[in-house]
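Please look at the chain shown here before reading on.

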Amino acid sequence: MYNSRILRQSYRDGWRGLRKRPGLAALLYAVVLVGSVAISIPLYVILDGSSSSTGFGPYLVARFDMILITEIMQESSSAVLATVAMLAWLAPVVFIWKVASSVGTIHALTLGAMRSFWDGVGRFTGPGLLLSILNLGVFLVWLVLVIFIAAAVAALLPVGAAIEIPVAVAVGLVVIGGGLVGLMQDFARINLICEGRGVIAAWLEGIRFPLRHREVFALYGFWWLAAGALSGLLLGLHVSWASTIEAAWLLFLGHQALLVVRAAGTVAWTGSAVGMHEQIRFREAPLIALNDAIA
């Protein structure tokens, strides 16, 4: 019963943090918007330059034709490769920003959501990057294990069995592993910032904390399902093609609205995780003090 109260309070903490700091969601959305524009403009120039002279432009606006798109991109392969090479530098920038925005948001939502986002970015981006590298190593090990499991499943199936079965097993395990690593990484960052632990100690505590407190999985499961539903809607809009320019604008505005919701959800989830950590630490404070006194 006490765990359920912690869970409900954690949800409230998440929404309370979002109400107190809506600027965090606006900042996360704005960075995604700027990055999307930086990537999409050169790709649009290539596609427009390749398709405008063919007469297929209106056809491509009305419907998605993978064969036609592939032929156009093959004809412009040199320009596409040059653009991809030009945009390759964005990958490490995106990685660093994801870490920096996460630690900054955690820092901003601690202690009643009264701390500075940019102070958290300045103080914890470096250690946060080291944590991410450690967890990336864990995820790569998990991927190797998934490959072996999928190969074993394929070997056990009768000859001629559908390849979709081992593929589905592999995809499911990758999703589960990615979710668990993400969960442990979030709580490792929280321990890094809220408890002042070193990188290795925070990483180990990020693994132990969810295992000791099962309500963490219930909290994460709620937000994980919400994120999955939102990602499905975003994917649906990505593959939708409008028959008119007005419908295209509606799709664009709907896509941007979902991105705003995703940014707000990121802030709310972070507030929930921070709130749960603070509640559990408060509950355990007498035990921690007793252990320190005995030591």
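The side chain of Asn 191 makes a polar contact with the side chain of Arg 197, at 3.2 Å, where a polar contact is a pair of N or O atoms within 3.5 Å, within protein one of them able to donate a hydrogen and the other to accept it, and residues adjacent in sequence count only if both atoms are side-chain atoms. This pairing belongs to a predicted model, in which local features need a pLDDT of at least 70 and side-chain atom pairs count only at pLDDT 80 or more, while totals for chains, interfaces and linings use all residues. Residues are numbered from 1 along each chain as its sequence is written, and side-chain values use heavy atoms, with hydrogens and water left out.

Asn 191 sits in helix α8, helices being DSSP runs of H or I with at least four residues and strands runs of E with at least two, numbered from the N terminus. Is Asn 191 buried or exposed? With a relative accessible area of 1%, Asn 191 is buried; the word means under 20% relative accessible area, whereas exposed means over 50% and partly exposed lies in between, using a 1.4 Å probe and protein chains only. Not counting residues up to four places away in sequence, Asn 191 touches Gly 196, Arg 197, Ala 202, Glu 205 and His 277, contact meaning heavy atoms within 4.5 Å. Helix α8 itself has 31 residues and reaches 44 Å from its first C-alpha to its last, close to the expected 45 Å, a span defined as 1.5 Å times one less than the number of residues. After α8 comes Gly 196, whose phi is positive, near 65 degrees.

The protein chain has eleven helices and zero strands, and of its 295 residues 36% count as buried. Among contacts between residues at least 6 apart in sequence, 73% join residues at least 24 apart. The chain exposes about 16700 Å², of which carbon and sulfur atoms supply 74%, the areas coming from the Shrake-Rupley method with a 1.4 Å probe and, for residues, only the protein chains shown counting as cover.

The interior can be described through its nonpolar cores, each a set of buried Ala, Val, Leu, Ile, Met, Phe, Trp, Tyr and Cys residues joined through side-chain atoms within 4.5 Å. The largest has 26 residues, among which Phe 187, Trp 269 and Met 276 touch the most other members. The elements giving two or more residues to this core are α1 (2-20), α6 (90-109), α7 (117-156), α8 (164-194), α9 (199-212), α10 (215-238) and α11 (245-294). Leaving aside neighbours within four places in sequence, Trp 269 is in contact with Leu 183, Asp 186, Phe 187, Leu 219, Tyr 220 and Trp 223. A second, separate core of 15 residues includes Tyr 29, Ala 100, Ala 113 and Phe 117.

Tyr 11, in helix α1, is partly exposed, with a relative accessible area of 21%. The C-alpha atoms of Tyr 11 and Gly 271 are separated by 8.3 Å, although these residues are 260 apart along the chain. Beyond four places in sequence, the contacts of Tyr 11 are with Ala 218, Leu 219, Phe 222, Trp 223 and Ser 272.

In helix α6 lies His 107, a buried residue with a relative accessible area of 2%, whose side chain makes a polar contact with the side chain of Arg 115 at 3.3 Å. In the loop between α6 and α7 is Leu 111, and Ala 113 lies in the loop between α6 and α7 as well. Most residues other than glycine have a negative phi. Leu 111, however, has a positive phi of about 55 degrees, and Ala 113 has a positive phi of about 60 degrees. Leu 111 is exposed at 60% relative accessible area, while Ala 113 counts as buried at 6%.

The chain averages a pLDDT of 80, and 74% of the residues score at least 70. Confidence is highest in α7, at a mean of 93, and lowest in helix α3 (residues 57-62), at 55. Over residues 289-295 pLDDT stays under 50, and the model has zero contacts there beyond four places in sequence. Where pLDDT is low, the predicted coordinates should not be read in detail.

Conventions: pLDDT is the predictor's confidence in each residue, from 0 to 100.
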